[in-house]
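This report is for a reader who meets the structure here for the first time. Please look at the sequence and the model below before reading on.

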Amino acid sequence: MSEREVMEYDVIVVGAGPAGLACAMHLKQLNEALNVCVIEKAAEVGAHILSGAVIEPQALDDLLPGWRDHPPPICVPAEKDEFWLLSKTGRKRLPNPPQMNNHGNFIMSLGALCAWLAPQAEALGVDIFPGYAAADIRYTDTGAVGGVIIGDMGVAKDGSRKATYVEGIEIHAPVTVLAEGCRGHLSKRLIQRFELDKDCDPQTYGIGIKELWRVETGKARPGLIQHSIGWPLDRQTYGGSFIYHLDKDRVALGFITALDYRDARLSPFEAFQQFKHHPSIRPLLEGGEILSSGARAVVEGGYQSLPKTEMPGALLIGDAAGTLNVPKIKGTHQAVRGGMLAAAHLAQSLSSEGFDRKLRRSPVVAELKKVRNIRPGFNKGLWAGLRTAVIETVTGGRLPRTLSNHADHRMLKKLDDYSPPDRDWVERELPPRDRLASVYFAATDHEEDQPVHLKVADTDICISQCTEEYGNPCTRFCPAGVYEMVEDQSGRNLQINAANCVHCKTCDIKDPYQIIDWVTPEGGSGPNYQNL
Amino acid sequence: MKILVGIKRVVDYNVRIRVKPDGSGVDTDGVKMSINPFDEIALEEALRIKEAGKAEEVIVVSIGGDECQQQLRTGLAMGADRAIQIQTDQALQPLAAAKALLKIVQQEQPGLVLLGKQAIDDDNNQTGQMLAALWGRPQATFASQVVLEDGTATVTREVDAGLETIAVDLPAVVTSDLRLNEPRFVKLPEIMKAKRKPLDVQPLADLGIESGHQLSVTRHAPPAQRARGVMVESAAELVSELKNRGLL
Ligand SMILES: Cc1cc2nc3c(=O)[nH]c(=O)nc-3n(C[C@H](O)[C@H](O)[C@H](O)COP(=O)(O)OP(=O)(O)OC[C@H]3O[C@@H](n4cnc5c(N)ncnc54)[C@H](O)[C@@H]3O)c2cc1C
Ligand code: SF4
């Protein structure tokens, strides 16, 4: 293989989400002379970002004093919180959990926020490279992380080089900051290689599916924040909905299903669509239209699952580390604070050493510690969970106990060992009809003639063992319908419609045999989210 | 020889076009914008001609607000030598665009002007033809192959009946069709180099061009929605459904 072209930087940031952008910007704020670049796999900054998002603004105040005078394009002050328990046909208002008190917060589109931050980062002198995926890690002679390797472009499905082939370059730097968000694929490799998770619980996740709607005039109530638990999920499955009312008749709504669910027959996509048909929700959407939709995994492990966040030559920040506060379902302020903390650390020494200790002594981890038992409290079901939540909230997390987390993929039950609850789901009428119709609103685009970026280590397992044991749950948990079992002359086979992938990472997480590895496709491919 | 390439900033071809609720235009809020794909092909062709030693300089020109500098920088990163922005906040119609481009043609005296056959936003397919007429030079539209030799361009054109090959004297205007070439990927270091290449901004008013419109758009509307389908179980049911709708 030829020597790759090399570029040098002082710090490389992988991922232009809130964590990566905050880190890069703050580095330049602290020391203008540092050379900092940000690599982003989306064609444009923000196009792969999907969030709620009700955002706590204090971290933004720290990063950009004065931002309130020039707010990002979607920014609606929180007005009112509602928390509901749904049954199939009714609903009951619950007292607002204090974590869900959003007074002083803003409803934003995180994608739009990042797209708005990017030019400000560039004005500070950060080089941002959207449309390029950090495909691999470059190691130094001593085995430390020494930078990243950008993915090649113009490779055909069979691995051969097309006429447009361009070899990806290497970028070298003393420190690489992984800000890939939840289940980052390089972060995953590094966590394994440096055994960063050997002293913590396994990480846990949820899958969030979201749609942005334009509803009939007058139906949206800007600033209203609604959350629900209960139907359509059963009591054993953790999850719930959010509806955030924006301006201009727009409403952002979504549903998060925890990926430690047991029922191999469950489809989180279908659960979301069912939720939309609840008698209290459906009238809001009727007569409206979907503007954009997508899905993204959420990191839920919190305090007890936080891996070591430093290794030789690299740091993990934001959701790549797992700093999201689950009871609040807020990770943006944590990502920004963590990114700034990393910048302050690196501005001193350009070395990763000592960052983990600083992070654990910071407000970022203090916030996680306080709420550490709330999410695992729900492992015993909805009522036990609500009870734990009350106790932990009242005591401020000071009880001397820490409940533990279990790897999501181990929680799936074999078909024979589990009798699914009667879901009693309704006939649907609101769009999208199915996952394909939904992918259309994600505007996802992958060049068809490129290697499949979902690496399934052994498809024999899919055809035989998995079919028998779990009934191929990938065909249900993928929100984009990427995995299909098809029958032709050669028999039953797994078909991977990689072009539909929206980069949510659910398959990498939930596959019970852990044989699916999500890798970066050609830079610039993937969803083109609009204001998600 | 210099080659002048026009590039327009348009809504990316992957984006679902949505009409604003009040029918006043297309919603571009938070929408991905790109170089018009036909213009990208035109630029690729210009770069290949230069790389083959048949031109010395490739200049990209765009008409628009400062946002279009993003597309000009992409053009520079692909390999253009310098860029010109004709600055205006108005969306120009083809005749005004052609007049503005003519001013740049007069300044730069290119041997070849390469444009996309049309922009995918309004699909007018007029600017190239109008520019050639105003300039008083030949045109070769819908090019799927361009060969330059001894002051002529031999251009294969995609026409309804198939392919047509014509030879035009240079300087001329050539507009590209889809099959002319496949544009290159930009190598990351080229983005850094592009930042240092010259980008000249010329306000439209300074060129003495008025952005006035000859055409007025009265309304935008999305195509009618298809009604929901019905699944039928049998041929008999199909027949009765068709009869119900008065189709049989
Ligand atoms: C459904 C849902 C609702 C949420 N609601 C809220 C909320 O209301 N409030 C709140 O504060 N938080 C919310 N969150 C959480 C919040 O979105 C995350 O905490 C936040 O996005 C984390 O930021 P990050 O920068 O760590 O990662 P991300 O925002 O995920 O950004 C990572 C970026 O890195 C890029 N990237 C990844 N890998 C590579 C690679 N190898 N090469 C190049 N680029 C790469 C990605 O394309 C992406 O742009 C929600 C999340 C979800 C999924
Ligand atoms: S293939 Fe995997 S990463 Fe892609 S959309 Fe499906 S579950 Fe998500």
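The model is predicted. Every value below was computed from it.

## Helix packing

In chain A, helix 1 (residues 18-30) packs against helix 3 (residues 110-123) at an angle of about 20°, and their axes are 10 Å apart. With angles under 35 degrees counted as roughly parallel, helix 1 of chain A and helix 3 of chain A are therefore roughly parallel to each other. Their crossing is left-handed. Helix 1 of chain A contributes Pro18(A), Leu21(A) and Met25(A) to the contact, while helix 3 of chain A contributes Leu110(A), Cys114(A), Leu117(A), Gln120(A) and Ala121(A). Sorted by class, the residues of this contact are seven nonpolar, one polar and no charged.

Helix 3 (residues 94-108) of chain B and helix 4 (residues 127-135) of chain B meet at an angle of about 50°, with their axes 8 Å apart. That angle makes helix 3 of chain B oblique to helix 4 of chain B. The crossing of helix 3 of chain B and helix 4 of chain B is right-handed. On the side of helix 3 of chain B, the contact is made by Pro94(B), Leu95(B), Ala97(B), Ala98(B), Lys99(B), Leu101(B), Leu102(B) and Val105(B); on the side of helix 4 of chain B, by Thr127(B), Met130(B), Leu131(B), Leu134(B) and Trp135(B). By class, this contact has eleven nonpolar, one polar and one charged residues.

## Salt bridges

Side chains of opposite charge can pair when their charged atoms come close. Over all chains, the structure holds 47 salt bridges.

| Residue | Partner | N to O distance |
|---|---|---|
| Lys162(A) | Glu447(A) | 3.6 Å |
| Glu57(B) | Arg82(B) | 2.7 Å |
| Glu158(B) | Arg179(B) | 2.8 Å |

The side chains of Lys162(A) and Glu447(A) meet in a salt bridge. This pair links distant parts of the chain, 285 residues apart: Lys162(A) is in strand 13 (residues 161-166) of chain A, and Glu447(A) is in the loop between helix 12 (435-442) and strand 23 (454-456) of chain A. Glu447(A) is partly exposed, its relative accessible area being 37%.

A salt bridge also joins the side chains of Glu57(B) and Arg82(B). Glu57(B) belongs to strand 4 (residues 57-64) of chain B and Arg82(B) to strand 5 (residues 82-87) of chain B, so the pair ties together parts that are 25 residues apart in sequence. Glu57(B) has 19% relative accessibility and counts as buried, because buried means under 20%.

In the salt bridge of Glu158(B) with Arg179(B), the closest N and O atoms are 2.8 Å apart. Glu158(B) sits in strand 8 (residues 152-159) of chain B, and Arg179(B) in the loop between strand 10 (172-176) and helix 5 (188-196) of chain B, so that distant parts of the chain, 21 residues apart, are linked. Are the two partners buried or exposed? Glu158(B) counts as buried at 16% relative accessibility, whereas Arg179(B), at 59%, counts as exposed.

Salt bridges that share partners also join Glu56(A), Lys328(A), Arg337(A) and Glu367(A) into one network.

Leu285(A) has its place in helix 6 (residues 282-285) of chain A. Leu285(A) is buried, with a relative accessible area of 0%. Not counting residues up to four places away in sequence, Leu285(A) touches Trp213(A), Val215(A), Leu253(A), Lys276(A) and Leu430(A). Between Leu285(A) and Pro431(A), 146 residues apart along the chain, the C-alpha atoms are separated by 9.6 Å.

Gly338(A) is in helix 7 (residues 332-349) of chain A. At 3% relative accessibility, Gly338(A) counts as buried. Which residues does Gly338(A) touch, not counting residues up to four places away in sequence? They are Ile317(A), Phe355(A) and Val364(A). Gly338(A) and Tyr132(A) are 206 residues apart in sequence, and their C-alpha atoms are 24 Å apart in space.

Thr388(A) is found in helix 11 (residues 382-394) of chain A. With a relative accessible area of 11%, Thr388(A) is buried. Leaving aside neighbours within four places in sequence, Thr388(A) is in contact with Asn373(A), Gly377(A), Arg401(A) and Leu403(A).

How values were computed:
Residues numbered from 1 in each chain as written. Chains lettered and ligands numbered in written order. Predicted model: local features only at pLDDT ≥ 70, side-chain atom pairs only at ≥ 80, totals over all residues. Heavy atoms only, no water. Axes fitted to C-alpha atoms, helices over the stretch in contact; angles between N-to-C directions. Helix = DSSP H or I, 4+ residues; strand = E, 2+ residues; numbered from the N terminus. Parallel < 35°, antiparallel > 145°, perpendicular 65-115°, else oblique. Left-handed = near helix turned anticlockwise from the far one by under 90°. Contact = heavy atoms within 4.5 Å. Nonpolar A, V, L, I, M, F, W, Y, C, P; charged D, E, K, R; others polar. Buried < 20%, exposed > 50% of the residue type's maximum accessible area, 1.4 Å probe, protein only. Salt bridge = Lys/Arg side-chain N within 4 Å of Asp/Glu carboxyl O.
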